[in-house]
There are 2 protein chains.
Amino acid sequence: MRKKNVTIKDVALKAGVSFKTVSNVVNNPSIVKLFTRKRVLQVIRDLDYRPSAAARALVTHSRRLISLIISDVTNPAYPEMIEVIAWLARQKGFMLLLCNTGRDPDEENNYLDLISEQQADGVIIACSNIDSNSADILTKRGIKVVLFNRRPFKYSVHYVGVDNEGGGYAATNHLIKMGHRHIAFIRGAIKASTSFEREQGYRRALSDNSIPVDESLIVLGDYRAEEVSRVSTELLKREDRPSAIFAANDVMALAAIDTANQSGLRVPEDLAIIGFDDIPIASNSMVGLSTVRSNIRSLAEEAAKLLFELIENAEHPYPIPPVEKILPVSLQIRRTCGGSIYNIE
Amino acid sequence: MRKKNVTIKDVALKAGVSFKTVSNVVNNPSIVKLFTRKRVLQVIRDLDYRPSAAARALVTHSRRLISLIISDVTNPAYPEMIEVIAWLARQKGFMLLLCNTGRDPDEENNYLDLISEQQADGVIIACSNIDSNSADILTKRGIKVVLFNRRPFKYSVHYVGVDNEGGGYAATNHLIKMGHRHIAFIRGAIKASTSFEREQGYRRALSDNSIPVDESLIVLGDYRAEEVSRVSTELLKREDRPSAIFAANDVMALAAIDTANQSGLRVPEDLAIIGFDDIPIASNSMVGLSTVRSNIRSLAEEAAKLLFELIENAEHPYPIPPVEKILPVSLQIRRTCGGSIYNIE
DNA sequence: CTGAAAGCGCTAACAC
DNA sequence: GTGTTAGCGCTTTCAG
């Protein structure tokens, strides 16, 4: 049998006050006389009373809930972000609804509905497609939205991200400076703006160094290890195989290294590889993955702070104009791209 | 200004029916006449109506929310678990509240309060301490609880875990069979039952092979890389340094390898290392971490299925007796413990 | 400072 | 089949 929860009335009865006074003790302690307050507080403890968030939400229209929509929790780039956001939310007394779409647009839509139903106060979206309108759907329902390092082309939404184009440029440029001219790019999902922007950087670096872009060296890894394995096997079998690979994220870079090793190629001697993200394992001595560091903790902090600002200013008469915050990246040169150990800011 | 949400009454008005009929269309479509239903459904779509989970929860006492309490999202052993649980929850139309305690008991308590307030239907706890009574607190409030691979000594709660003792035994035994007699054990948090059970396995393996336990070889890594770095530096400086290390989880094993490498020791030639969990990176060709595999996906699936069973049988007159499900583990022998490549079930 | 009344949006029981 | 009446537990007026 379901337990009957203790309500505000039970507390009021036992404390011998009206239930409004109990409500005041919980929400507005300062206006209640000290003596009454102490007694009510004691009864609350005795009865182990917790105010029902549902009932409260019904009346205040705030659920004290934020949500995070991500494409794939198993990408090691995300956990640190989750940690930071969850922590800041807890500080504010908010809980975190985690939505993992598995990169499935249908799932994304399902989650948008569920988030609307749960009436979350705000959402951080870290998986928008280039043509997504998720943000609009939520905003229409009065839910605050911050886009996280991914954004649709047409948008007028708050956005926090890193300099993906600059990072792509830096990585590619470094490989060129190391003498590589035949550099492949492994892209992420076709609709991910992050991957698109990193590719733009790659193209600009080649162009700046008067290296023509060989479109056949740009392959789709789709953020999935098996796919990367397939396309990089193809790539490395070629007569004119690339001497270096820039992968749109670290997970794909690691998968590419795995494939290279299995094909009998040594990294970095036969093949230089640079990733993007700087996931925690990248700096492990056994791995030493060269990569573009995108300080995801700061990014997460910026996003969460912005979101809470929006939530707290919800009653503001006119909306805050869309914020756009782009954080810098830094090249982390380690073992997998050969050459000396140095970092470029 | 906060948007006024469209309510069931708005829909009823526009569709020209009573609001109860709208409620029926949403919850009990079959009892509404097809024609009426179609029209109502159309209005729902036009108005983009979403039933308020808060209002519904107030009356049904179910929030369609489950929660997962974990100690540290950044441990790569967890994301797969989160993925599985989130997926199964979504299938049932439930959302997932993620609580990350950072191994802080205060945070754990804070989260218990928040979970009570949000009136989650159920909770999977993957961070109980040996002396925790979290499960009791929630159960008293009518919230279903499943313990995940960690459990207090005194408990009468549903539990899903792996054979930690057996895994510890298998790992240690393997090292002994490889000729090691001086085997260190790096423990996790002092109150984690997982680490405790793995240690029991370690002790039994030594005992079965007539190797006396050297207590100074059992050190506390506390699941934190810096701490592991500190204690393993100590360990490896010793005159009689161990020739092998069994670490209570993979993250600590990787940190120990890092330390060994930095001390100029080669793994596995100078030092054999086995971990526990089989996190995804362990099988990467650059890492090749020997470890005890604990199929966390199956485990997560068992836990989630059990939890939903409990939630769905909430009205059952007598409680289901505490379930205890222990899944087997398997030894994954790779590079870091030396020797041949073979796996033991 | 405290109490009484109203109502948030919905479902559950019962009428019609 | 459909409409009516309560009431879930709380906050918000507004009186005392």
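How many bridges join strand β2 of chain A to β2(B), and how do the strands run? Keep that question in mind while opening this predicted model.

**Stop 1: the strand pair**

Select residues 95-100 of chain A, which form strand β2, together with β2(B). Three bridges join them, and the strands run antiparallel. Now pick A:Leu97: its bridge partner in β2(B) is B:Leu97.

**Stop 2: the two chains**

Chain B is superposed on chain A by a rotation of 180° with 0.0 Å of shift along the axis, at an RMSD of 0.1 Å. This is the relation of a two-fold axis.

**Stop 3: where the chains touch**

Show the contacts between the chains: 49 residues of chain B are in contact with 50 residues of chain A. On the chain B side, the elements that each supply at least two residues are α4, α5 (79-91), β2 (95-100), α6 (105-118) and α11 (250-262). Coloured by class, that side of chain B divides into 23 nonpolar, 14 polar and twelve charged residues. Of the interface residues of chain B, 100% are also interface residues in chain A, so the copies meet through the same surface.

**Stop 4: helix α2 of chain B**

Go to residues 19-27 of chain B, helix α2, and select its buried residues: B:Thr21, B:Val22 and B:Val25. Looking down the axis of α2(B), you will find these buried residues within an arc of 105°, so they line one face of the helix. What do they pack against? The buried residues of α2(B) pack against α1 (8-15) and α3 (34-47) of chain B. On the face turned away from the buried side, select the exposed residues B:Lys20 and B:Asn27.

**Stop 5: DNA strand D**

Select DNA strand D and the 25 residues that surround it. The closest are A:Ile8, A:Ser23, A:Ala55, B:Ser18 and B:Lys20. Two or more residues of this surface come from each of α2 (19-27) and α4 (53-60) of chain A, and from each of α2 and α4 (53-60) of chain B.

**Stop 6: DNA strand C**

Move to DNA strand C. Which of the 25 residues around DNA strand C come nearest? They are A:Ser18, B:Thr7, B:Ile8, B:Ser23 and B:Ala55.

How values were computed
Residues numbered from 1 in each chain as written. Chains lettered and ligands numbered in written order. Predicted model: local features only at pLDDT ≥ 70, side-chain atom pairs only at ≥ 80, totals over all residues. Buried ≥ 20, exposed ≤ 12 C-beta atoms within 10 Å, placed from the backbone. Helix = DSSP H or I, 4+ residues; strand = E, 2+ residues; numbered from the N terminus. Arc of directions from axis to C-beta. Contact = placed C-beta atoms within 7 Å. Near = placed C-beta within 6 Å. Nonpolar A, V, L, I, M, F, W, Y, C, P; charged D, E, K, R; others polar. Pairing = 2+ DSSP bridges. Least-squares fit on C-alpha atoms with pLDDT ≥ 70 in both.
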